[in-house]
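These are my notes from going through the structure, kept in the order in which I looked things up. I began with the ligand and then turned to the backbone.

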Amino acid sequence: MKVIIVVGARPNFMKAAPLLRAVDKANGRNPSPIVPVLVHTGQHYDVAMSDAFFADLNLPRPDVYLGVGSGSHACQTAEIMKRFECVLEDQHPDAVLVVGDVNSTAACALVTAKFCYDSAGHRPLLGHVEAGLRSFDRSMPEECNRVVTDHLSDLLFITEKSGLHNLQNEGIAANRIFFVGNTMIDCLLECRERAKTSIILDRLGLSERCNSGRSSTRPYAVLTLHRPNNVDDRDAFLQILKGMQDIAAEAAVVFPMHPRTFRKVEEHGLSSFFSVLAATEPAHPPRPGIVAAAPLGYLDFLCLLMHARLVVTDSGGIQEETTCLGVPCVTVRNNTERPVTVEKGTNRIAGTTSEGIRDAIRVQWAGTPEFSIPHKWDGHAAERIIQVLLNHTVAHSAPIP
Ligand code: UD1
């Protein structure tokens, strides 16, 4: 069986790495091996946004690199579709796995769902990893990508129970939905020990040597922002920065910046909010204030999260990672597509006004909320997915209606 695994943007890499490892594991006991083909669309292409993750996650070089780069949503999606169709023609896979909710996910799902090997309509089986999440906010490009991808997929792999309700409410048959857990958490659990060896805290001046020679970590917060809603509009960005002012007066706030966010800080003239702008080696020792840094690799960022007293973010994945790590999280959005992180985890939805953000930070900074690890976030999601795939590709001799 040949399976294409599609990646394109930064949050895809940690969701795909466990799938490749699960394929290897299954091949150890399966007489007819699965042949994985890793396709990278090139949606993210900078070393810091892509290559650094391949290195940290021990991902093999992509078998196919489409090199689409940036563009408007329509141009980027269309370019991925055109190039991915040629990949299906060349590779003739039995199945295609797409992960997450980025443009690469929806583009490759659309191509796979319409692809035909013969006049009987045979085509590769399409699986969506991280299906069923809904923010119910169609102004988010990711929400459109989720809905499209889910409705086109044959096999829907959900990370939390809300996904089952969402998909059934939209009329998707229960026998196509599989509650497998979370491959991003598989990755986190697998990499946690290696992340402990990262020297990022020393580099950022966040740890200090005690008299005993051991190092201790100063309480600090982490900030990440990249959503167009939050950073493209100057007033929206300003609200968030104002909401950060109290905590920034008390502690260091490390802010590894997405390239778009970095550009917007300059365009909006907001540099004065940061104690160091775009430094790779911020000042030692850090003063209270927002310390801007370049984007970090996976292991460095995981180390930074693990030791943080608080994380403020608009990322979906980081809401899940902080839940797993038990680190208080403030989400700078009006909603989340990952409600389990609020119900069970350490996440609090703050909205996007400076008052709401300030209040949520005050509560979360005061202490770790009660939390538990969501069901099946146990490091075995990818293995479950590959097992489902094996069961279905054997049975998949006719197009799924
Ligand atoms: C994409 C995803 C988003 C995900 C985020 C993680 C979509 C619609 N959005 O958003 O869901 O949370 O990735 O980072 O797919 N850029 C670079 N270098 C790169 C990549 C991008 O400088 O390697 C810049 C380009 O100017 C580009 C902009 O960032 O125009 C946005 O990149 P894009 O891939 O379109 O969306 P993201 O905001 O990264």
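**Entry 1: around the ligand.** I looked up what surrounds the ligand in this predicted model, and I found 20 residues around it, of which the closest are His 44, Glu 142, His 226, His 258 and Arg 260. I then checked side-chain N or O atoms against the oxygen atoms of the ligand, and noted a distance of 2.6 Å for Glu 142, one of 2.7 Å for His 44 and one of 2.8 Å for His 226. Taken alone, the ligand would expose 740 Å², and I noted that the protein buries 88% of that area.

Entry 2: Sorted by class, the shell holds six nonpolar, eight polar and six charged residues.

**Entry 3: backbone angles.** Before looking at phi, I reminded myself that most residues other than glycine have a negative phi. I wrote down Asn 58, which is not a glycine and yet has a positive phi of about 55 degrees, and I placed Asn 58 in the loop between α2 (47-56) and β3 (64-65). I also wrote down Glu 130, again not a glycine, with a positive phi of about 85 degrees, and I found Glu 130 in strand β5, which covers residues 125-131.

Are these residues buried or exposed? Asn 58 has a relative accessible area of 54%, and since the cut-off for exposed is over 50%, I recorded Asn 58 as exposed. Glu 130 has a relative accessibility of 5%, and because buried means under 20%, I recorded Glu 130 as buried.

**Entry 4: Ala 173.** I looked up Ala 173 last, and found this residue in the loop between α6 (162-169) and β7 (177-179).

Terms used:
Residues numbered from 1 in each chain as written. Predicted model: local features only at pLDDT ≥ 70, side-chain atom pairs only at ≥ 80, totals over all residues. Heavy atoms only, no water. Near = heavy atom within 4 Å. Polar contact = N/O pair within 3.5 Å; in protein donor to acceptor, adjacent residues only side chain to side chain. Areas by Shrake-Rupley, 256 points an atom, 1.4 Å probe, with all protein chains shown as cover. Nonpolar A, V, L, I, M, F, W, Y, C, P; charged D, E, K, R; others polar. Helix = DSSP H or I, 4+ residues; strand = E, 2+ residues; numbered from the N terminus. Buried < 20%, exposed > 50% of the residue type's maximum accessible area, 1.4 Å probe, protein only.
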